[in-house]
Amino acid sequence: MDAVVRFRAAVCLLGRFPALAGVDLDVAPGEIVLLQGPNGAGKTTLLRACAGLVPVTEGQADVLGVDLVADRRPVRPMVGLLGHATGLYDDLTVVENVRFWSKAGRSKRADADAALARLGLDGRLADVPVARLSAGQRRRTALAILVARRPRLWLLDEPHAALDQDGRDLVDGLMADAVAAGATVLFASHELDRAEAVAHRSVTVAGGTVNGLLAGSAQEVPVG
Amino acid sequence: MADLAAESMLRDAAMVVGKDLRLEWRSRVTLSQILPFALLVLILFAFALDPDRRILEEATPGLFWLAVLFSMLLAIQRAYAVETTDGVIDALRLSDLDPAGIFLGKAAGIGLHLLVLEVVLFIGVTVLYGATPHGGLLVVVTMLLATAGLAAAGSLYGVLAAGLRVRDTLLPILMLPVVAPVLIAGTEAFSAAYANSSGDGWKWCGLLAAFSVLYLAIGIFAFEPLLEES
């Protein structure tokens, strides 16, 4: 079966500096793959490149059959990205945000409402403006949008960050559910004990620095 | 096929403008900040020119449109501030929304805010400056055409500046020269309406219509690459 993610000597330039240079990576359908590595190694850039948000300027980069070097825009509706930012409107309520972004992803209202329930946001929090939420509650709201949109590839950057114990367990459950439903998950985390427990395998992105002087190359490491 | 694309674009535009109106309803930024600013500008103009009431009355059309342009800058900055916080612009790029629909939705939102501002400013110049127009229809048509052009140009330049750290200071420098034709045509059309010579004013409405059509067309085609770069 074709890889969901296939990078060969892929290069991403942020300004003049290579945030990624020569990344080789394969992710098969149905896998949960952990990206690990120090700060500035290029994990976030790699996830954003897979989402089609940053350009791959050299090499080969195919995600869900889309050649990102040629045109990265077609991949976007098929992926779901949870980054450091949540992408929420502060003055809209939780339910308004989830319904707006679900509709913007061509999902049904029923999917949005089901996602709210799955994330435990259908109770008193539903009508609270996002500006009044804690960081963890904002994260849950962003995850609800992801669940409602049912992406084929989940791209999660530190998905456990800011969440309480229940929230972290929920994230692990969501990843397992996504894979059971036929999706693929690529996520970055520094919480290696928890992340390695849920991942099928891990990949180390190494060699990067904060200022991007050096490049990140992906090196596979077996989990466990 | 083209009908479906147009329908999808308009549906997305309706979604975006609905969301923007809901955001304004919650935050009240236009009502509580931009509107008072616009009225303050009118009052300051009156302070500056009050010793000669005749000049104030004669300058009413120009002062009205200057107040609209200054207020417009704040409305555009607000319209795009909500799209650039906490990764919303990335969420827009990742969405299935038609970029042309986003452009039209943002333009419609800005336009509705501007119309409210213009109505209040019009009442303001009537009360404060004692100026009463004779050509009511010309005033209304001028306002609608000028608003369409300002909103379209504002939506386009708003996204252009959205990704820049210096957007707050750069936007006025980019926008004001571009909308100078609206200032000139709006002022001339209003002057004709106030002078009871509407016939001259309609010619200027033609220029406003051309400006609006031009910027709506440019926006529909150019918004996507600008959103990519923002």
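Does A:R150 count as buried, exposed or partly exposed, and how many C-beta neighbours does A:R150 have inside 10 Å? With 17 such neighbours, A:R150 counts as partly exposed, where a residue is buried if 20 or more other C-beta atoms, placed from the backbone, lie within 10 Å of its own, exposed if 12 or fewer, and partly exposed in between. The model is predicted, so that local features need a pLDDT of at least 70 and side-chain atom pairs count only at pLDDT 80 or more, whereas totals for chains, interfaces and linings use all residues. Residues are numbered from 1 along each chain as its sequence is written, and chains are lettered from A and ligands numbered from 1 in the order in which they are written.

In chain A, A:R150 lies in the loop between α4 (135-149) and β7 (153-157), helices (H or I, at least four residues) and strands (E, at least two) being DSSP runs numbered from the N terminus. Phi of A:R150 is near 50°, a positive value in a residue other than glycine. A phi near 50° is also found for A:A9, which is placed in strand β1 (residues 5-14) and is partly exposed, with 13 other C-beta atoms within 10 Å.

Chain A averages a pLDDT (the predictor's confidence in each residue, from 0 to 100) of 88, and 92% of its residues score at least 70. Over residues 208-217 of chain A, however, the pLDDT is below 50. Where pLDDT is low, the predicted coordinates should not be read in detail.

Chain B comprises nine helices and zero strands, and 50% of its 230 residues count as buried.

Note on methods: Contact = placed C-beta atoms within 7 Å.
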